[in-house]
Amino acid sequence: MVVCHMPYGPTAYFGLYNCVLRHDIGTKAEVGTVSEVFPNLIFDNFGTALGKRFETILKALFPVPKPSSKRLVTFANKNDYISMR
């Protein structure tokens, strides 16, 4: 996945591994449908200057959630690998 901030911002390249698409989750009978509410974002271990830059890039990919939203997306940085759940 390539994220480019135009006209002068950085370009970030992400490799995606072990992905499950939203469509695949919603088709399983035991799971039900997946909520379309905008999620609140949690960032873990993004304290460095480069980490703050990636946090800004990732925040820009998601709309601002409503205060009543109970859906979460967590980005965890460990050994220079960003895990998303």
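Visitor: Which residues make up the largest nonpolar core?
Guide: This is a predicted model. Its largest nonpolar core has nine residues in all: Val-3, Ala-12, Phe-14, Phe-43, Phe-46, Ile-57, Leu-58, Val-73 and Phe-75.

Visitor: Which elements each supply at least two residues of this core?
Guide: α2 and β4 do. As a general point, nonpolar side chains tend to be buried together in soluble globular proteins.

Visitor: Take Val-3. What does Val-3 touch?
Guide: Leaving out residues up to four places away in sequence, Val-3 touches Pro-10, Thr-11, Ala-12, Phe-14, Ile-57 and Leu-61.

Visitor: Where is Pro-10?
Guide: Pro-10 sits in the loop between β1 and β2.

Visitor: On to helix α2. Which residues are buried there?
Guide: α2 spans residues 49–59, and Gly-51, Glu-55, Ile-57 and Leu-58 are buried in it. They are on the same side of α2 because they cover an arc of only 165 degrees around the axis.

Visitor: What's on the face turned away?
Guide: The exposed residues Ala-49 and Thr-56.

Visitor: What do the buried residues of α2 pack against?
Guide: Four strands: β1 (2–4), β2 (11–13), β3 (40–44) and β4 (72–78).

Visitor: New topic: the open sheet. What's the strand order?
Guide: β3-β4-β5, three strands with mixed pairing. β3 and β5 are the edge strands, as each pairs on one side only. From one strand to the next, the twist averages 15 degrees.

Visitor: Where does α2 come in?
Guide: α2 packs on the sheet and touches β3, β4 and β5. The direction of α2 makes about 165 degrees with that of β3.

Visitor: Do β4 and β5 run parallel or antiparallel?
Guide: Antiparallel, with four bridges joining β4 to β5 (residues 81–84). Phe-75, one of the core residues, stands opposite Met-84 in β5.

Visitor: How many residues lie between β4 and β5?
Guide: Two, and the strands form a hairpin. In the turn, Asn-79 has a positive phi of about 55 degrees.

Technical notes. Residues are numbered from 1 along each chain as its sequence is written. This is a predicted model: local features need pLDDT of at least 70, side-chain atom pairs count only at pLDDT 80 or more; totals for chains, interfaces and linings use all residues. Side-chain values use heavy atoms; hydrogens and water are left out. Buried means under 20% relative accessible area, exposed over 50%, partly exposed in between (1.4 Å probe, protein chains only). The arc is that of the directions from the helix axis to the C-beta atoms. Contact means heavy atoms within 4.5 Å. Two strands pair if DSSP finds at least two bridges between them. A nonpolar core is a set of buried Ala, Val, Leu, Ile, Met, Phe, Trp, Tyr and Cys residues joined through side-chain atoms within 4.5 Å. Axes are lines fitted to C-alpha atoms, for helices over the stretch in contact, and angles run from 0 to 180 degrees between N-to-C directions.
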